[in-house]
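This briefing goes through one protein chain for a reader who will work from its coordinates. Please keep the sequence and the structure open while reading.

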Amino acid sequence: MGNLAWAFLKRDCLMATSYRLAFVSQMLVLFGGVSVLYYAGQVLGMSDSPLLKNYGGNYFAFLLVGVAFVDFLNVSLATFNVSIRDNQMMGTLEMILLSPVKVPALLIYSSLWSYGLALVRFLFILGVGSAFYGFHLEHPNLSGALLIVIFSILSFAAVGILMAAFVMVFKKADISVVLSLASVFLGGVVFPPEVLPAWIRPLSLLLPITHSVHGMREALIHGASIEQLGPQILALALFGVILFPLGLAVFSFAVNWTKATGTLGQY
């Protein structure tokens, strides 16, 4: 199992490092993005909103953590279905899915590099904010933040696998963009959910991203203990326990259905 995971990581690493300029360009774009967030935070943070008191009145810190962390969700929504689409178009999907490797292992191993790169981007964004724009973490709970990352990835990946199953069956019917926008709007990424109308706020609790960004802010900005992060960790664990097996089951069903109908390699 370890050798197979390493083989996937090595393959994806070689592919990524063959485009060094693209990586450098990506980092420059992230640097520019942090700059935009800082100056937007300077303007919007002047409102003295009571909702920001829990974050020291610092809207930039609130915004930076939310936007940086949502990258993990976007990776989850993209990495699985893009991989499916690419292999369909290259005519290699049938060969991969008919190999002796089990489908769950293929899905998990093929995402390792993407999640590793997402973590690098997350740390880079926070580093730029700290080095150039005064985003300082006084007593962050790094172990709590790591738990939030792990459980968030588990729940996000489950949603991504469900999207990949959808793409496999319906081909171009990709709803991940809609889900991403809904998560940003409802999940407290750029503004606290409390500003939403009362009738729509409960929907935010049904999204993993809501618990992820709140937990990450509590861990990094406030240094919340593991016990204090318990509600967020528990919610994310429940999402993962329920959605991950469901995602794998639905994906396996989609693979078997496309095999039976002869549409596995179609795109």
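The structure is a predicted model, and its protein chain is made up of ten helices with zero strands. Of the 267 residues in the protein chain, 45% count as buried.

**Fold and surface**

- Read along the sequence, the elements of the protein chain follow the pattern α-α-α-α-α-α-α-α-α-α.
- Among contacts between residues at least 6 apart in sequence, 82% join residues that are at least 24 apart.
- The protein chain exposes about 13,800 Å², and carbon and sulfur atoms supply 72% of this area.

**Confidence**

- The mean pLDDT of the protein chain is 80, with 80% of its residues reaching 70 or more.
- Among the elements of the protein chain, the lowest mean pLDDT, 62, belongs to helix α4 (residues 93-97), whereas the highest, 92, belongs to helix α9 (residues 208-221).
- Where pLDDT is low, the predicted coordinates should not be read in detail.

**Helix α9**

- The end C-alpha atoms of α9 are 20 Å apart, which agrees with the 20 Å that its 14 residues should span at 1.5 Å a residue.
- Twelve of the 14 residues of α9 are buried, so this helix is largely enclosed by the rest of the structure.
- After α9 comes Gly223, which has a positive phi, near 65°.

- Although Pro140 and Leu220 are 80 residues apart in sequence, their C-alpha atoms are 4.4 Å apart in space.

**Nonpolar surface patch**

- Leu21, Phe23, Val24, Leu28 and Val120 form a nonpolar patch on the surface, and together they have about 490 Å² of accessible area.
- Helix α2 (residues 20-44) contributes the largest share of this nonpolar patch, namely four residues.
- Val120 is found in helix α5 (residues 103-133), and at 40% relative accessibility Val120 counts as partly exposed.

Conventions: Residues numbered from 1 in each chain as written. Predicted model: local features only at pLDDT ≥ 70, side-chain atom pairs only at ≥ 80, totals over all residues. Heavy atoms only, no water. Patch = residues over 30% accessible without salt bridge, like charges linked within 9 Å, V, L, I, M, F, W, Y side chains within 5 Å. Areas by Shrake-Rupley, 256 points an atom, 1.4 Å probe, with all protein chains shown as cover. Salt bridge = Lys/Arg side-chain N within 4 Å of Asp/Glu carboxyl O. Helix = DSSP H or I, 4+ residues; strand = E, 2+ residues; numbered from the N terminus. Buried < 20%, exposed > 50% of the residue type's maximum accessible area, 1.4 Å probe, protein only. pLDDT = per-residue confidence, 0-100. Contact = heavy atoms within 4.5 Å. Expected span 1.5 Å × (residues − 1).
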